[in-house]
Amino acid sequence: ENAKRVVIVKVNPRCAGQQAEDMRMIERLCKDILIAETHDDVLIQTAIAVGYAKAMRIHGIIEDTEAVDIVEMLGTMGEDKLHEKINANIIMRRLRKKVIQ
């Protein structure tokens, strides 16, 4: 079961347009994690998303606490996707053994 996680990002009037654009990018990067096909792709897409969130913090687009929340959410998504891949591999291995026997 994938737990849904909500991250609240306060609108910063000083950079609201850039902030909205960056949050749309984070959303696209989340989708990239979810559609990653291989173990390495999941790791790569998660790392790209985490790096993007960290850059948002460095450039003052989001607060430190918001960056931590986003990175935690991305990490959870990546871990869930990896567990899904591992479980699918274990199931396939067991099925192959049954077929061979």
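Me: What is Lys81 in contact with, leaving aside its neighbours within four places in sequence?
Reply: Lys81 touches Ile33, Leu34, Ala36 and Val42. Contact here means heavy atoms within 4.5 Å. Keep in mind that this is a predicted model. Lys81 itself sits in helix H3, residues 64–100.

Me: Why is Lys81 called buried?
Reply: Its relative accessible area is 8%. Buried means under 20%. So Lys81, at 8%, is buried.

Me: What makes Lys81 and Glu84 a salt bridge?
Reply: The closest N and O atoms of Lys81 and Glu84 are 3.3 Å apart. The cut-off is 4 Å. The pair therefore qualifies, at 3.3 Å. Lys81 and Glu84 are three residues apart in helix H3, so about one helical turn separates them.

Me: Is Glu84 buried, partly exposed or exposed?
Reply: Glu84 has 41% relative accessibility.

Me: How many salt bridges does the structure hold?
Reply: It holds three. One of them joins Glu27 and Lys31, with the closest N and O atoms 3.7 Å apart. Another joins Arg57 and Asp64, at 3.9 Å. Both distances are within 4 Å, so both pairs pass.

Me: How do you know that about one helical turn separates Glu27 and Lys31?
Reply: They are four residues apart in helix H1. An α-helix has 3.6 residues a turn, so residues three or four places apart point the same way.

Me: Why is Glu27 called partly exposed?
Reply: Its relative accessible area is 47%.

Me: What is the nearest side chain of opposite charge to Asp22, and how far away is it?
Reply: It is Arg28, 7.7 Å away. A salt bridge needs 4 Å or less, so Asp22 has none.

Me: How do you know that the buried residues of H1 line one face of the helix?
Reply: The buried residues of H1 are Gln19, Asp22, Ile26, Leu29, Cys30 and Ile33. Seen down the axis of H1, they fall within an arc of 105°, so they line one face. The face turned away from this buried side carries the exposed residues Gly17 and Ile35.

Me: Why does Gly17 count as exposed?
Reply: Exposed means over 50% relative accessible area. Gly17 has 53%, so it counts as exposed.

Me: How does the span of H1 compare with the expected 28 Å?
Reply: H1 has 20 residues and reaches 29 Å from its first C-alpha to its last. That is close to the 28 Å expected at 1.5 Å a residue.

Me: Which residues have the most contacts inside the largest nonpolar core?
Reply: They are Ile26, Cys30, Ile62, Ile70 and Leu74. The core has 16 residues. Helices H1, H2 and H3 each give two or more of them. H3 gives the most, with five.

Me: What does Ile62 touch, leaving aside its neighbours within four places in sequence?
Reply: Ile62 is in contact with Val9, Gln19, Ala53, Met56, Arg57, Ala67 and Ile70.

Definitions and conventions:
Residues numbered from 1 in each chain as written. Predicted model: local features only at pLDDT ≥ 70, side-chain atom pairs only at ≥ 80, totals over all residues. Heavy atoms only, no water. Buried < 20%, exposed > 50% of the residue type's maximum accessible area, 1.4 Å probe, protein only. Core = buried A, V, L, I, M, F, W, Y, C linked by side-chain atoms within 4.5 Å. Expected span 1.5 Å × (residues − 1). Arc of directions from axis to C-beta. Lys, Arg positive; Asp, Glu negative; His and termini not counted.
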